[in-house]
Each structure stands twice: as C-alpha cells, then as structure tokens.
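Here is my note on the model you sent. The points are numbered so that you can check each one against the coordinates.

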Amino acid sequence: MTQMAVASQELSTEQGTIAVGGEPYLLTPGPLTTALSTKAAMLRDWGSWDGDFKAVTAEIRSRLVEMCGGEDAYDCVLMQGSGTFSVEAALASFIPQDGKALILMNGAYGQRSAKILDYIGRAYVTLDKGDYLPPMPEEVDAILSADGDITHVVVVHCETSSGILNPLKGISDVTQKHGRKLIVDSMSAFGAVPVDVADVPFEALVSSANKCIEGVPGFGFVLARKSALEAARGNSHSLSLDVHDQWVYMNKTGQWRFTPPTHTVVAFREALHLHEKEGGVTGRLARYTRNRDVLVSGMRALGFETLLEDEWLSPIITTFFSPADPAFDFGRFYDEIKARGFVIYPGKLTEAESFRIGCIGALDHRVMEGVLKAVKESCEAIGVTNFGPPDGVK
Ligand SMILES: *Cc1c(COP(=O)(O)O)cnc(C)c1O
C-alpha cells in the first residue's frame, strides 16, 4: 500500500502544527480538519453558568460582530445545533407570519430554505437557477419590481452543493433599492469570504462553528441588526429556535437559554484566536484561494474539468465532473483516496456525475499537492486512464 498521507504528519503551517492521530484529512465543507490546539481546547469540562464560560460566550459574540463590521448596530446570537437549526431559527424569527420571502435557489441549500418555509408556513416565491447558474441581480430586480408583497430576500452566499460563489453584493444592492430585507445563508463562506455590513447591509446572516472559522460542529450563529432582533419578538413558532428569546436571555444573563455545547464553544474560541493570528478574513481567504488554485490547476492538468467557469469558482469547494472512463466508480475511487489519507465528497448534481473536493479546514497547498497525487494514483488503481468528462455534460 502507498504511504498514507495522514493528518498526523507534522505540518507546520502559519497556524502551527495541525491535526493528530492518523486521521485522514477532510476535504469536505465541514466538519473539517481542525487544528491541534482547537481539539486540545476540548479537554476540559465547563459549567455553563460559570463566569469563565460566560466570558467565552461574550468574547465569541463580540468577535463575530467585529468580523462583519457590525459595530453597535448589529449583534450576534449563538444557537445550539447544526447550521440548519440556525437557518430555520433565523427564517422563523425574522420573517413575520404575514411576510413573504423570495428564495434564490441554485442548489440543495436554497432548496432547504424553501422546505423550511413549507414547514413553518411562510409564503414564498423562488427564483430557481438549477444546479450551477447564479441568481443574477437583474433577475432579482425584476421579481421585486413585479411583486410588492415580498418582504425578504433569502440568498445562499456560497452554494456548497456546487461550490458556486453567488453575487451577494449585487443581490444586496437591488434588495436595498427596493427597500426589502436580506437574509444570508453564509454558512460555508463567512470567515473566509469578506462580508461587511457597510457593503452588504443584511438583516440577518447565518453561519456555523464548523466551516470557515474551523471549529468543531455543535452550534451556529446569527448576526443580525439589533432592530431586527427587537422586531423578531413573537414571530417564531418554536421555543428552542426563537432567536429573539435567545438574544434577550443571552444579553440579560450572559448564558445560553438551554445547555450549550460547552466543549464546542471553547474550541470555537480557540479557532477564532487562530483565525485572528492568520490575519483574519484576509489571511484565511488567501490560504483557501491558494488551496483552490493548486487543486484546480493540478486537476485540469490531469484532464479533469470543473463544473463551473472560473468566474464562479469559490475558494471553498470545487465540483469536478467524474471521468467518462467506464472504469470509474465513485465508491472505489473514494476508498482508494481515503486509503491514501484524504476524504472527499460525493457530488450533488441532478444531471451529471460529479464529486467535490473542499479547500477549507486546517490544510494548506502542500496538502493539496498530496490530494492531487492521491487522485492520480487512485484513478490508476481502479483502471481509469482517461480523466475527462463525458462529451457534452456542460
Ligand atoms: C453546511 C451548510 C449548511 C448547514 O448544514 P448543517 O449540516 O445543518 O450544518 C447550510 N447552508 C450551507 C450553504 C452550508 O454549506
């Protein structure tokens, strides 16, 4: 068997040595490979009511507000659960029961927001661009011009199912122009793709612990205008997902309403310190972009093709078409790559066979070089000689 590239290898990056214990690198969009010190931060138990833990919660909230330039006009509410819990909490809390949303869809996460609105009974219309085309500001403009009942526009920042980086700024501008409110699912982008409220004055933005901030899973966060948090009172159908109630309680007591994922929270604080040390959003974006560039150019050199044109490629995750070669089988390919120390992600396209490779987490361009080597060897191991996609998939 080939030498396995495991995350236990000493990798001295700008962030220090990463990962321990013979685990594979996770080339996935979260949970992802985290730094050793982030994992080590979990080796202690905390009382959720204790002053030391309250200080951790307070520090996280203020650092996140700072990261979006929110200053006094915005606040941050932490919510237990995976990212979807926070998306559902935000949609239910900020869209009033008589409101109406425009959901911009180009993949699984936009579809999920629509499904949430079905569950919680909010009116909505959609702009559905299929698997990989961006919702364009002109299209949003036309829909908002024609429908004065729409109160909120819901957009996915990086649609992780294809890896497309949607044109957030343009969408924000037209939403503003029409005086409507913007809710952003920036789950897989926040912390690595700049979002400043001066440019994109969102009503609410949602992300979670285990994406670009490089924490471990267990909670999400909602950044929102204080005026929106005030106005959200009484909107939510759900006690545990009520952002307003969590916000009021956190401000009053410094605590979470219900048991917080304490270990995840302290790990996240450590992840935020590493984020700052790396140079904040700018530093993180630079590392992820380099990861993406090494990956994409190396894969193209092998003969693979990306789903997206360069203009829409995010520095978060990239979708590649599966080789047309009849010997290609994703399950076998996955196992071969994993045996070489890397976990990749299946594709999520409805039309063409594909797979995805993430660029986020505690990994750098040297890890991406290892991925390229593993991809080549794995294809050879399963007898794939032609890496190009079938004719006419695009
Ligand atoms: C990861 C992700 C989510 C949340 O997924 P969970 O599995 O609930 O954590 C939501 N939206 C986007 C765009 C994501 O990438």
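Is F328 buried or exposed, and what is its relative accessible area? F328 is buried, with a relative accessible area of 12%. Bear in mind that this is a predicted model.

1. **Overall build.** The protein has 12 helices and 16 strands. Its radius of gyration is 21 Å, close to the 21 Å that the globule rule gives for 394 residues, so the protein is as compact as a globular protein of that length. The C-alpha trace spans about 60 × 55 × 35 Å along the principal axes.

2. **Burial and surface.** Of the 394 residues, 58% are buried. The accessible surface comes to about 15,400 Å². Carbon and sulfur atoms account for 51% of that surface.

3. **Contacts along the chain.** Take the contacts between residues at least 6 apart in sequence. Of these, 71% join residues at least 24 apart.

4. **Aromatic pairs.** The count comes to 14 aromatic pairs. One of them joins F328 and F333: the ring centres are 5.1 Å apart and the planes stand at 55°, so this pair is tilted. F333 is buried, with a relative accessible area of 0%.

5. The rings of F328 and F355 have their centres 6.3 Å apart. Their planes meet at 25°, so the pair is stacked. This pair links distant parts of the chain, 27 residues apart. F328 sits in the loop between β13 (317–321) and α11 (330–339), while F355 belongs to strand β16 (residues 354–358). Both F328 and F355 are buried.

6. **A charge over a ring.** The charged end of R44 sits over the ring of W46. The distance to the ring centre is 3.9 Å.

7. **Backbone points to check.** Most residues other than glycine have a negative phi, and most peptide bonds are trans. The peptide bond from G30 to P31 is cis, with omega near -5°. P31 lies in the loop between β3 (25–26) and α1 (36–40). E71 has a positive phi, near 40°. E214 has a positive phi too, of about 70°.

8. E71 is in the loop between α2 (51–67) and β4 (74–80). It counts as exposed, because its relative accessibility is 65% and the cut-off for exposed is over 50%. E214 lies in the loop between β11 (204–208) and β12 (219–225). E214 is buried, because its relative accessible area is 5% and buried means under 20%.

9. **Helix α6.** Which residues of α6 (residues 168–177) are buried? They are L168, G170, I171, S172, V174 and T175. After α6 comes G179, with a positive phi near 70°.

How values were computed. Residues numbered from 1 in each chain as written. Predicted model: local features only at pLDDT ≥ 70, side-chain atom pairs only at ≥ 80, totals over all residues. Heavy atoms only, no water. Phe/Tyr/Trp six-rings, centres within 6.5 Å; stacked < 30°, edge-to-face > 60°. Buried < 20%, exposed > 50% of the residue type's maximum accessible area, 1.4 Å probe, protein only. Helix = DSSP H or I, 4+ residues; strand = E, 2+ residues; numbered from the N terminus. Lys NZ or Arg CZ within 6 Å of the ring centre and 35° of its normal. Rg over C-alpha atoms; globule rule 2.2 N^0.38 Å. Contact = heavy atoms within 4.5 Å. Areas by Shrake-Rupley, 256 points an atom, 1.4 Å probe, with all protein chains shown as cover.
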